[in-house]
Amino acid sequence: ISQASASLMTDMIVGRTVAEAEKLMGGFLHLVKGEDAGDLDADDRERLDVMAGVSAFPMRVKCATLAWHTMKSALESGEAAKTE
């Protein structure tokens, strides 16, 4: 689950802005938690829908979101480095 999720994420964030990547992450997190992911555009939702079933297995949500949280942490540390 973590490898599939990471692969989807890396394919989908290439060429996007930080804001777009963060929006994608937010939608993905809602999706795997079984929440409304209405903030995802149709193309992104179609690609990420394969991970929606993870919401039925709460213990696996952390597996699916590991790479996404790592990306968020990297973006935040990069932003912090720019302001120092």
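Which residue just after H2 takes a positive phi? That's Gly-34, at about 80°.

## What you're looking at

This is a predicted model, so local features need pLDDT of at least 70 and side-chain atom pairs count only at pLDDT 80 or more, while totals for chains, interfaces and linings use all residues. Residues are numbered from 1 along each chain as its sequence is written, and side-chain values use heavy atoms, with hydrogens and water left out.

A word on the labels: helices (H or I, at least four residues) and strands (E, at least two) are DSSP runs, numbered from the N terminus. "Buried" is under 20% relative accessible area, "exposed" is over 50%, and "partly exposed" is in between, with a 1.4 Å probe and protein chains only.

The expected span here is 1.5 Å times one less than the number of residues. Ser-5, Leu-8, Met-9 and Met-12 are the buried residues to look for in H1. They cover an arc of only 100° around the axis, so they sit on the same side of H1; the arc is that of the directions from the helix axis to the C-beta atoms. Just after H1, Gly-15 takes a positive phi of about 85°.

H2 has 15 residues and reaches 21 Å from its first C-alpha to its last, close to the expected 21 Å. Its buried residues include Ala-21, Leu-24, Met-25 and Gly-27, and Phe-28, Leu-29, Leu-31 and Val-32 are buried there as well. Glu-22 also lies in H2, but this one is partly exposed, with a relative accessible area of 41%. Glu-22 and Leu-75 are 53 residues apart along the chain, yet their C-alpha atoms are separated by 9.0 Å.

Leu-29, another H2 residue, counts as buried at 15% relative accessibility. Leaving aside neighbours within four places in sequence, Leu-29 is in contact (heavy atoms within 4.5 Å) with Thr-65 and His-69. Leu-29 and Ser-73 are 44 residues apart in sequence and 15 Å apart in space, C-alpha to C-alpha.

The structure holds one aromatic pair. Phe-28 and Trp-68 are stacked, at 4.3 Å centre to centre with 15° between the planes. Phe-28 sits in H2 (residues 18-32) and Trp-68 in H4 (residues 61-83), so to speak a link between distant parts of the chain, 40 residues apart. For the cut-offs: rings of Phe, Tyr and Trp (its six-membered ring) pair if their centres lie within 6.5 Å, and planes under 30 degrees apart count as stacked, over 60 as edge-to-face and the rest as tilted. Both Phe-28 and Trp-68 are buried. Setting aside neighbours within four places in sequence, Trp-68 is in contact with Ser-5, Met-9, Leu-24, Met-25, Phe-28 and Leu-48.

The largest nonpolar core has 20 residues, of which Phe-28, Val-32, Leu-48, Met-51 and Trp-68 touch the most other members. H1, H2 and H4 are the elements that give two or more residues to this core, and H2 gives the most, with seven. A nonpolar core here is a set of buried Ala, Val, Leu, Ile, Met, Phe, Trp, Tyr and Cys residues joined through side-chain atoms within 4.5 Å. In soluble globular proteins, nonpolar side chains tend to be buried together.

## Salt bridges

How many salt bridges does a search of the whole structure find? There are three, where a salt bridge is a side-chain nitrogen of Lys or Arg within 4 Å of a carboxyl oxygen of Asp or Glu.

Asp-44 and Arg-16 meet at 2.7 Å, N to O. This pair links distant parts of the chain: Asp-44 is in H3 (residues 42-48) and Arg-16 is in the loop between H1 (2-13) and H2, 28 residues apart. Asp-44 is buried, with a relative accessible area of 8%, whereas Arg-16 counts as partly exposed at 30%. Asp-49 and Arg-45 also meet at 2.7 Å, N to O; Asp-49 is partly exposed at 36% and Arg-45 is partly exposed at 31%. Lys-72 and Glu-76 meet at 4.0 Å, N to O. Both lie in H4, four residues apart, about one turn of the helix. Lys-72 is partly exposed at 37%, and Glu-76 is partly exposed at 45%.
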